[in-house]
Every structure is written in C-alpha cells, then in structure tokens.
Amino acid sequence: MLLTDGGEPLGAAASAARWTVEQVLALAPDDASRKAGNKLGAAGSWSDTGWDGTGAVWGLCKGSGSKPYRTVVDTTGPAYKCSCPSRKFPCKHALGLLLLRAADDVAVPAGSPPDWAREWLDGRRARAEAKARPAGGEGAGGPADPEAARKRAEKRAERIGGGARELEQRLTDLLRGGLAAAEQSGYGLWEETAARMVDAQAPGLAGRVRELGAVPASGPGWPVRLLEECALLHLLDSAWLGRDRLPPALAATVRTRVGLPASPEGPPVRDRWLVLAQYDTPEGKIVTRRIWLYGEESGRTALLLSFGAAGRSPAQALPVGVTIDAGLTPHPGSGQLRAELGERFGVPEPAVTPPPGVTAAEAIAAYGRALGDDPWAESWPVTLRDVIPVPSPDGWQLVDAEGREALPVAPAALNRPSLWKLVAVSGGAPLTVFGECGHRGFDPLAAWTAGGTGAPVETVTLI
Amino acid sequence: MSRTTTPAATPTAGAATASDALASVPWEELVTSALLGTDRRPPEGASGTGPDGAAAALLDAAALHTVRRRAGLLPAAASPRPAVAPDDPRPPLPEAARGRLAQLLADRAAGSGGRRGAAPDLTELIPQWLATANVHGYRAPDSALPALLDAARARTDLRPQTLEFAGPRGLWLAGLNPEWKFALRGASGSALLPSPDDPEAVRRLWEEGLFAERIALLGAVRAHDAEAARALLATTWKTERAEDRLMFVDSLRTGLSAADEEFLERALADRSRNVRATAAELLSALPGSALARRMADRALSCVSPGLTGDAPFVAVEAPHECDEAMQRDGVVPLPPSGRGERSWWLGQLVEATPLSVWPARFGGRGAAEIVGLPVADGWGEELHAAWCRAAVRQRDAAWARALLGPPSTPPSNGPGTASLAERAKLLAVLPPAERAVWVADFVAAHGLSEAFQLLGVCPVPWAPPLGRAVVDALDIARDAGSYPWSFSGVMGLAERCLDPAEAARLEVLTTTPAEPEDASPGANGYWTEAFQRLVSTLRLRATMDSELSGVPMG
C-alpha cells in the first residue's frame, strides 16, 4: 500500500471548517452523549487544544483517571479518534471539543497538531486516499474465487426462493381464513414466520413480516393496512420468484428489498453535496442511520445508509447544513437514491442556499413516479417550496402559499417535538421544507426560512 | 394517506385472468373478502381457480389496488392558515450567543443527573443568561422558541424572563399548543393589555377578562393612575368572589400609599377573614393610617419603660383580651397550638404598630438603644420578634439595623432574632451595599455554615468584599479538612453570584496543595475539583456576557 507524506492531502488554503453548536449537537448519537458532551464543552476540562488549516481539531480532556484523554477530530471526514473507552460515536469528548471550538474563540487556538494527533491524522488521510484511488493492477475489486462466489450466491438465492414460497403459503392461508383471525392470533405467529425468513437469509422479507405483526394493534382501519401490507409482501415474493423476467433495474430493486447486499456501481458523481438531514432508526438490535444529501450541481438527492450494531452508534456522521465536495457512488435499483460516500475534496463549508423546491402536487406526483420503479417505496425525498405549516382537524398540514393544496404531515412527525420548531420558524409565513413524501403524508426533516438578501441561510433540523 | 384524495379508479377492463378480473372489483369488496376469508367469501369473479387460487388472486388484486392508489394520490384540501406571527422588531442575538443558548437548552432537555465534576452546571446559568439577554433587548431565535417554552413550562421561576425573551412570536406559538397555555395565562404581556388611556377597552377587559388578565390589567392601570384603579375595583367589588377579592386587595401592596387607606378601611369589614387580615396588614404598613394609630394606642398600653430600680428596662403587660375592635383591626384571636394567647395578641399588636412611636415612649432613645434595653419577665423574645416583623413590614432600615446587631455577634446572642430566615428578611430592608458588607463581616466572623440564607438576599454580582469573604471562608473550610459538599449550597451560589472578574484571582485555588494532616480522605481532590468548577463557571459567565454584548473576548 502506498503512503503519502500526509501533509496537505485536501487542497491547500482551505479554511478549516468550524461547525455551529447546533450542528455539533446534531452529531450526538443520543441524548446522554449530547448532555455529556455539553458538559465538556467548557474550557475547564481541556488543555493543549488547537486547530489547523487542514480541518483538524485536537485537545486533551481531563477524565477521572490520571491520564487525560487524547481527542482529535478530522472535520473533513468527519472522523474522530479518542483514547477514551466509550463505544459511542462520536464520543462525548469529541463532541465537547467541537462545542468548545464552536463557542469559544480563545479556548481553541490555531496551531499545529502534536505528534499523537498528527500520527492518526496522517494515517487516516493516507488510508482515505488509498481507498479513493481506483483499484490498481492487483485484481482488487473482484472476489478471490469467482466460481465459489457464484455458487454461494446461487445457494442463497435458492434458500430465499424457498422462504418466499413458504411465505406465499402463509399469506394465502391467512387470506383464506380471513384477516379477522389475525387480530386474535397475535404477534407470535408473525415472529415465528419472521424467524423462518431469517433462516432463509432474506432479512428484507423478515423485516416486512415483523411489521405485519404490529399492524392489527395499530388502531382503527387496521384491516385495510394489513391487506395492503400483505399484498405488497405477496408482490415482493412473486417478483423474487419471477425475477428473471424483470427489467434489470427492477430486478436490482427486488434484490435489495429482499435483503441481498448490493454494492455501489458505476462512476462516482462528484458534486457539492448539501447535508440535508441525518437521523437514526432503531430496528431490532441494529440502528440504521440515514443521511440525506443534495447535489448542488447534479440536482440529485442521495441517501447514505450506515448501521450500528449492539449498542454502537453508526460510524458515519455528517453535520447537517454544510456542503461537502465529494464523489458519491450510487447503488443500483430503487431510483438510485442510495449511494456510498467516496473521495472527499477540501473541507465542509456552510451551505449557501437550500435545494430548489417543488409544489405539493409535484411532490406527491414524484412519489407516484417513484412507485413505478419501486412499488414498495414508502416515501420519496422532496423539497417543498413556499409552504406553511397549518393545524388541521387531525394533525398538521403543509399548505402552499396560495392556501389551495396541502400535504398532511405524516403521523410519525406529529409526535416529534421538532414539529413545533417547524411551526416556530415559519411563524405562519411560507418556507422551504425538505422531507420524505409518501402515502402516509409528508415527514419534514429540515427547513429553511426565506431569509433576507445577504442573510446567511440557516438549515433548521427537524429530527 | 387517508387524508389525501384518491382519484376515481379507472381500471382497464376486458382482461382474461381471474386476477385481472379482480382488478375491477371495488377496493371495499376486496377488504371485506380479506377480512372474512376467501374460503367463506370468495371475491366475485375469482371462482373456479381453487381455494388457494382465490386467495392468491385477491392478493394480486390488492397489490395492484394498493400501488395504484398510492401512485395516484393527490394533495388534500388546505385548512385555513393561522394568523401570521406578529413582528418582533428586536435585534437578533449575536452568533456566539445564539450557539450558547442552543447549548444551554440542549443541556436542560437532556435532564440532570450524575456527579457535578469540574464542569459548570449549564442549567443553573439559564436564568442569568436570559436576564442579560433581556437587558440587551434581543429577540429569541425562532427555532429556539419551542425549547424555551418547554423550559419555562418545567420551571416556573424561568417564566417571566423566558416569556419576555420569547416575545410576541413566543406567545403566538404558545397559542397553538395547549401544553404552553401557561404562557398565555401568565402573560402580563403589556402587548395584550389595552392602553390604560382607553377607558372603554379597560372596562370591557375588566368585566369580561380572565382572572389573570384582570389582575394584570389592575396592576397596569394602577401603575398609570392609582385613583382610576381604585375606581375600577370599586365598580365590581361587591360581586367578586372572596378569593378574587383577596388577590385584588393584595395587589394594592405595590405602590401602597395613604390614598389607599379609605378603601382598605372598608375592606376591614369584609365578609372574608383573609381579606380582612390582608387589609389590616396593608394598613399597618401605612404609619399614618387610623388603623396604625389604633394599634399603636393598644401597643403603647402594653409596652412601657420600667419604673422600678435604677437601670432602665422595658416593662410588658400583655393584653388580657382580644375584643371585637381588635379583631376588626385584623388581630387573630386564636393562637396556633403551643402558643399562649396573650403573647400571641401582644405580638400582633406590636407588629402592626408604627415603629416611630417607640422613641417617644422610651425617652427619646434611638432604635439601637431601645433594642438594647433589658425586657422584664421573659417577654424579650416575643417583643423583639414582633419588632423584627414590624421593621420588615414597614421597611425601616434603622430598626432592621438595630435588630440585626453587629455582624460579629453570634446569631444566638443577637438582639433581634436567632432565626436566619427572619434575619435574611431584615437584611433585605438595608440598602444593597450595606447588606453585602454586613454579610461579608458575618461570614468572616462565623464562617459559611449559617450564611446561606443571608447570601441569598445580597445583590448579584456580589460586591468585592463579600466575594472575598466567601472565597476566604471556603478556603478555610478546605484547610480545616471537611468535604466540599458540606458547602455545596454556598458553592453553587458562588458560581452564580461571584463577579466573573474574580476568576483570575481564584485560579490559585484550583491547584492541589498538600493534604492537611487531619483532612478527610480524598477531600483535597474534591476541593480542587469544586474550585475548578467555580473558576470555569465564572469564566463561562464572563464569556456569556461578552457574547451577549457582541464583543468578542481576548
């Protein structure tokens, strides 16, 4: 492996990113770390702090032991390193250090990193460069034994096929006996079926089955929702079993929906990507983190997924409201929203403008079109332009400025405290809102006020 | 999305298979079949495909329907939008202060708990931050309003400052969320009150407003024109409920003057005992009032210069009965259990008597001299306690000073009262600067163990001599080998009340000196930590102040 000298890998003269307190707090993996990091965001705990023009921030934080923790952050990643034993990511020391940098000009002076910080920074940046470089002649990229890999894949496809057929039988049995019985049979039946799908190596099917189990307890109208979900699951089964006859893009979507891993394909799209939102959803023992990005030049919206298992928070974290210059490699299928973050250029910068928005009608139509590529899509990312949050008899709506068309706010968002942030920022006036628009309604994730000319754009996070 | 409109389904007809035939079956029928089971009720047009076939055909059709319905969703009809939030012309927070506010609020939201450590307690700094922000007249950031309202909902002591900071948009927002009702109720919000110069609007709100609005209105009118406020009160007095009358009478406490006497005299005949007692208390705080004169006559007949022997003393003859006239003037006849009724009556008489009558009674002696006289027959404690209450009620600095005695005298031997709560009230009567010096001397003489309540009435930030006295006393406590949490109350006060400029001077305390021989184990480390927190909190307060004035430090 080639190592660079590590000096200035990210373009010279780039001003080191300085994140706002809100951005740093949004990076915290949970409330406890937010609180703990906040406590450490004051000068008292820190010594030998500093930052430099390459985007590095470092410092020593006094802990309960005799040796202070060594904390260093590469804001271009962002990436974090701390000698503390925490499994949180970023840990409270990294958050505290960034808060100190955000809030206190004096406490973190410009300087050059000490040896212990430089070592990690150089190593990390060298690795990042090596990774971003196209694979060389050593046959990298392909599997070691293509024949064995093909056999493994075939075997797995077979098992999934068995699972899908079994699930089909269960669904038909359910429909023959009637959904009314599902209310009594309770959760156990679905748990067992979900476990069978895990055995069949189809985590996507298992996840959908588990959600079916929760539907009968989901309140009035549950039979309709249960029928819809059963039907979509049946559609997925059938699609998998008949995948040979599907167009390649749809087949790729089906593979992803069933739960087969996909790898990013094709040339990376380099753009200035605006970080729109970042949020975590716990799914069983795994936490899924979603980061939405918008490419200022390509006009593309992309989704970065990362996972944290067994109490660890996902490793990828980007501050909302900044723009990163980077290459993104899309995954196949599903409208190609999902992507992997590739090479980064320069340091993140505050966003200048929100994405251009569409009307409520255009947003819901975009979701409709997305269903053509992926009938299982729950929602589609859109930015709404000039909408006003308005209370309605059964929740909230986002209404266009003319007061004609509205999208109901999705139930998930109605219980979120940050809904009130959206209302407060609007003050009854139109604003730009990014969110996920689907059959349950619009789930707002970020908002921007119209803002006066020259006033900096503020990205208000809503999750 | 049930709340959006579904377009009329126009399925393509004429297909051959069972599934395609089912595609034209209305959705409701598919749901009914699914609910009852295809064995019992196969959907129309799905016959002849076997038992499993009907179910599979139903699933096919339902999938088609589901995707078609979702793909064809249209926007819903718009609900009427709320009024636009009123303009707030105040300037926005400087960038750094904005970040600080986010940090303070995030800390609050995450809840408290855990050891305090060396880091500042951010939640404790919110009140000060808000007060300073309000002095500068900043507008709250819109996105922070929900967190601010939540904070004020949880902590009533934060409400006035928070609501002032949140401004008109905060009230607008609170109007949309029932959880923030308190903001509308508590809004003394001059924005919501009619101008006192608009008698018609004033009268309408007085007659139709909620209780809190009426109290706020009365206060506003009284501040503008006391006579008009009394007239307003008189218009409805007879029909008000007793508890409302009590609050209205109590509201006269602000700006009480001789002009209020007539109204209060009439209230002495009120049906409600609480209203009578409050009226009597207010009248007795007016030294020129007829009630004060009547009380003075009674008290003077009970307390007199001693006539036997050479040394002067105070003779006390407590009242033998509590007649109707006394009761009408607010004397409560029944003592609480454990107290003699004669001393109970005496205490009330002296408390309501203008202090100005005593020098004449005692041969021209001043307050300090009178307080210094011995009191016969064990009445001393009762009499001094009553004088203390009188000094507080009448805000008489000379008597408060005399009753507090010199700060170096141990509280138990003091002239007035040993109760720290009472002494704190007396202190509050003294001018602020004198208060700080008195408490500084008290701390220097007696240490910190009894100083907490007294420190609480000193103006913030603490004057230099007081700050020095407290820090010295903390240092002495460390040297004495005790644990810092014995002084956590004072330490917490010091973090909030010391002048931030003291931080540099205190730095020396954060180094860990050699452990004294008789120290409690590990105490030294904890003291160092406590002093570190003190210094870092002071530094942070200084930073916060400079952020709010928009002047970067350093």
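Q: Hi! In chain B, what share of the contacts between residues at least 6 apart in sequence join residues at least 24 apart?
A: That share is 70%, with contact meaning heavy atoms within 4.5 Å. Keep in mind that this is a predicted model, where local features need pLDDT of at least 70, side-chain atom pairs count only at pLDDT 80 or more, and totals for chains, interfaces and linings use all residues. Residues are numbered from 1 along each chain as its sequence is written, chains are lettered from A and ligands numbered from 1 in the order in which they are written, and side-chain values use heavy atoms, leaving out hydrogens and water.

Q: Good to know. And what is that share in chain A?
A: For chain A, 62% of the contacts between residues at least 6 apart join residues at least 24 apart.

Q: How many helices and strands does chain B have?
A: Chain B has 28 helices and 3 strands. These are DSSP runs numbered from the N terminus: H or I over at least four residues for helices, E over at least two for strands.

Q: What about burial and surface in chain B?
A: Buried residues account for 47% of its 554 residues. Here buried means under 20% relative accessible area, exposed means over 50%, and partly exposed is in between, using a 1.4 Å probe and protein chains only. The accessible surface of chain B is about 25,500 Å², and carbon and sulfur atoms hold 56% of that. Areas come from the Shrake-Rupley method with a 1.4 Å probe, and for residues only the protein chains shown count as cover.

Q: Let's talk rings. How many aromatic pairs are there over all chains?
A: There are 15. Rings of Phe, Tyr and Trp (its six-membered ring) pair if their centres lie within 6.5 Å; planes under 30 degrees apart count as stacked, over 60 as edge-to-face and the rest as tilted.
A: One of them joins W387(B) and W399(B): the ring centres are 5.2 Å apart and the planes at 55 degrees, so this pair is tilted. W387(B) is in helix α20 (residues 380-394) and W399(B) in helix α21 (residues 397-404) of chain B, so the pair ties together parts 12 residues apart in sequence.

Q: Are those two tryptophans buried or exposed?
A: W387(B) has 0% relative accessibility and counts as buried. W399(B), at 4%, counts as buried too.

Q: Which residues do ring pairs link into a cluster with them?
A: The cluster holds W358(B) and F362(B) along with W387(B) and W399(B).

Q: New topic: where does A119(B) sit?
A: A119(B) is in the loop between α4 (95-109) and α5 (122-136) of chain B. With 9% relative accessibility, A119(B) counts as buried.

Q: What does A119(B) touch?
A: Not counting residues up to four places away in sequence, A119(B) touches K39(A), S45(A) and R533(B).

Q: Last one: how many helices and strands in chain A?
A: Chain A has 12 helices and 15 strands.
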